[in-house]
Amino acid sequence: MEEKEQFFLKIYNLGIIKFGNFTLKSGMNSPIYIDFRPIASRPDLLIKLSDLLLHEVSYTNFELICGVPYAALPIATTLSLRSNIPLIIKRKENKGYGTKRMIEGIYKKGQNCLLIEDVITSGDSLLKTVIDLEKEGLIIKDILSILDREQGGTENIKKRGYNIRTLFRIGEVLKMLEKKHFLKKKKIHMIQFFFSKKNIKKFQNKRISYEEKKEKISHPIGKKLIDITLKKKTNLIVSADLVNSKNILKLVNLIGDIICGLKLHVDIINDFSFSFINSLKNISIEKKFLLLEDRKLCDVGSTNYLQLHYGIYKISSWADIITAHLFAGSGSIQNLNIPSRMGLITISEMSSYGRLSDDNYIRKALNISLKNPKVIGTVAQRKVDDRLLLFTPGIHFSNSNNLVNTYIHPTQAFKKNGSDFIIVGRAIYQSNNPKIVAEEYRNAGWKAYENGL
């Protein structure tokens, strides 16, 4: 124990622990942030860390070593060199070029792989790596971690049947720092109180309410959509992909009281007219829902501007919300001169089967979305920052897949993806009784939202 303690005090001097107010990868706020990456700049300490980790397991049982990307990669590399066990590298995402492989290195199915993590909080990123390795036919039984934050992660991993060993636990670390007078008792006790009260499982299951979300959304249209949702108790948006204006108006008269938004593709309507738009607008005001034109602007900024304001549709004159892709970068949505009464929804991730967007693109799209004040939210298949409203398409009770779309159940959209609004199309407008089916989706979506609180 003395050897481990001396080692930790050495790496502590590298600034691996920072104090303040931090948002972790898991999404929770924390008064402490632990980052072992500075050790990579000290080969002597990296070697010592690797030797200490190797003492924790019988490493001769392993045929491969892999580090959870990317912080654990230098540690896994050093472990490979010290143990003479081959290294494989797990990517975070498929880059879309080169070999397009998620796992790099020489390996074969059935090999036993030792997995290395730096810090365990919820264990989510670790388990994602486990799943990807197991998809390649590798066997994962044992996991080594430098530090356990003692917030439920190791318990989650053990429940899945994996063996996990950690070199340090946060409680031990705080005691060391207190004993050596590296931190004042008041700060130590404050951090200890945080770790004693924080429950990772509660964090994972709990979502913020629409009322809380409204406080984080700055755009008035985003706030208006939430107000409608709360008043009508519906988070259902119906996609009316119909080509005849009379059929759209007929559908809207049936379901208008049940929805918070109607999604259109006006360029598919054979008999488009402003008489139709005026009728639709009047119904939306009467029945209190917003009009979302799913134009998916995806050109350079100047062309997007023209498509929004000109042509036969003059979208900016009537739509409450418009959608846009971000393939052309942040400049494509910066100078659109969007009216103050109109909000913008970006497309970060579609529900279509075989989509080409990877995690790297999605992260960039989300960053652009957060920085543009006109953006009220995004379309994605994953949880996003609470400052964005999350719209989830591809919703269907059947939860089935085909060669065009990947469908998910409303419950999954809210529980797994943290959705705010579900978008349902054919399941409603192609049904024998759209009003009854819409009510079923409305009830399922609202129940899934309430169950997540």
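Before anything else, I jotted down the cut-off: buried means under 20% relative accessible area. I also noted that this is a predicted model.

**Entry 1: confidence**
pLDDT averages 89 over the chain, and 93% of the residues score at least 70.

**Entry 2: S369**
I went to S369 next, which sits in helix α14, residues 359-371. Is S369 buried or exposed? Its relative accessibility is 1%, so S369 counts as buried.

I then looked up what the side chain of S369 meets. It makes a polar contact of 2.7 Å with the side chain of T346. A polar atom of the S369 side chain also lies 2.7 Å from the backbone oxygen of A365. Setting aside neighbours within four places in sequence, I listed the contacts of S369 as L326, T346, S348, V375, T378 and L388. So T346 turns up in my notes on S369 both as a polar partner and in the contact list, with S369 itself counted as buried.

**Entry 3: the cores**
I moved on to the nonpolar residues. The largest nonpolar core has 79 residues, and those touching the most other members are L236, I248, L262, L280 and F391. Helix α17, residues 434-451, gives the most to this core, with six residues. Apart from it I found another core, of 44 residues, with F8, L49, I85 and F168 among them.

Definitions and conventions
Residues are numbered from 1 along each chain as its sequence is written. This is a predicted model: local features need pLDDT of at least 70, side-chain atom pairs count only at pLDDT 80 or more; totals for chains, interfaces and linings use all residues. Side-chain values use heavy atoms; hydrogens and water are left out. Helices (H or I, at least four residues) and strands (E, at least two) are DSSP runs, numbered from the N terminus. Buried means under 20% relative accessible area, exposed over 50%, partly exposed in between (1.4 Å probe, protein chains only). A polar contact is a pair of N or O atoms within 3.5 Å; within protein, one must be able to donate a hydrogen and the other to accept it, and residues adjacent in sequence count only if both atoms are side-chain atoms. Contact means heavy atoms within 4.5 Å. A nonpolar core is a set of buried Ala, Val, Leu, Ile, Met, Phe, Trp, Tyr and Cys residues joined through side-chain atoms within 4.5 Å. pLDDT is the predictor's confidence in each residue, from 0 to 100.
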